[in-house]
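Colleague: Could you walk me through this one slowly? I am still learning how to read such files.

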Amino acid sequence: MYEKTQKAFTMMELIFVIIIIGVLSAIAIPKFAATSNLAHTAKAKSQLVSVMSAMATERQKRILRGDHDAIDSLAPTASSYAFSTFVNGNQDKVVDYP
């Protein structure tokens, strides 16, 4: 005659859920950090390609106008390099064009 109905979670069920959430977060947080670093690297590469494309376009425009000076010689003196900030750790000019 007496029916027992369960209206709440037991302590074991709550502990089990907390453990599962902890394990999932321990896996997901490092993966998210790695994905974030990859996204920043991809964005930087994309911006660099955009700069290189703009330089190639400008070079083609100059060639069509008959100006064959290199783009990096825009400075008034030959000792300064117009794109000196685009140099990697090996001192190679990253945005040089052939």
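**Confidence and overall build**

Colleague: Where does pLDDT stay under 50?

Modeller: In this predicted model, pLDDT (the predictor's confidence in each residue, from 0 to 100) stays under 50 over residues 78-82. For that stretch the model has 6 contacts beyond four places in sequence, where a contact means heavy atoms within 4.5 Å. Where pLDDT is low, the predicted coordinates should not be read in detail.

Colleague: And what is the mean pLDDT of the chain?

Modeller: The mean is 76, and 68% of the residues reach 70 or more. Because this is a predicted model, local features need pLDDT of at least 70 and side-chain atom pairs count only at pLDDT 80 or more, while totals for chains, interfaces and linings use all residues. Residues are numbered from 1 along each chain as its sequence is written, and side-chain values use heavy atoms, with hydrogens and water left out.

Colleague: OK, how many helices and strands are there?

Modeller: The protein chain has 1 helix and 0 strands; helices (H or I, at least four residues) and strands (E, at least two) are DSSP runs, numbered from the N terminus. The helix, H1, covers residues 11-65, and its 55 residues reach 80 Å from the first C-alpha to the last, close to the 81 Å expected at 1.5 Å a residue. That expected span is 1.5 Å times one less than the number of residues.

Colleague: What comes after H1?

Modeller: Gly66 follows H1, and its phi is positive, near 95 degrees.

Colleague: Switching topic, how much of the chain is buried?

Modeller: Buried residues make up 5% of the 98 residues, where buried means under 20% relative accessible area, exposed over 50%, and partly exposed in between (1.4 Å probe, protein chains only).

Colleague: Which residues make the nonpolar patch?

Modeller: Phe9, Met11, Leu14, Ile15, Ile19, Val23 and Ile27 make a nonpolar surface patch of about 730 Å². Patches are made of residues with over 30% relative accessible area and no salt bridge, with like charges joined within 9 Å and nonpolar side chains (Val, Leu, Ile, Met, Phe, Trp, Tyr) within 5 Å. The areas come from the Shrake-Rupley method with a 1.4 Å probe, and for residues only the protein chains shown count as cover. Ile27, which lies in H1, is exposed, with a relative accessible area of 52%.

Colleague: How many salt bridges are there?

Modeller: A search of the whole structure finds 3, a salt bridge being a side-chain nitrogen of Lys or Arg within 4 Å of a carboxyl oxygen of Asp or Glu. Glu58 pairs with Arg62 (3.2 Å, N to O) and also with Arg65, with the closest N and O atoms 3.8 Å apart. Asp67 forms a salt bridge with Arg62, at 3.2 Å between the closest N and O atoms, and Glu58, Arg62, Arg65 and Asp67 are linked in a network.

Colleague: How far apart in the helix are Glu58 and Arg62?

Modeller: They are 4 residues apart in H1, so about one helical turn separates them.

Colleague: Is Arg62 buried or exposed?

Modeller: Arg62 is buried, with a relative accessible area of 14%, whereas Arg65 is exposed at 57%. Glu58 is partly exposed at 28%, and Asp67 is partly exposed at 26%.
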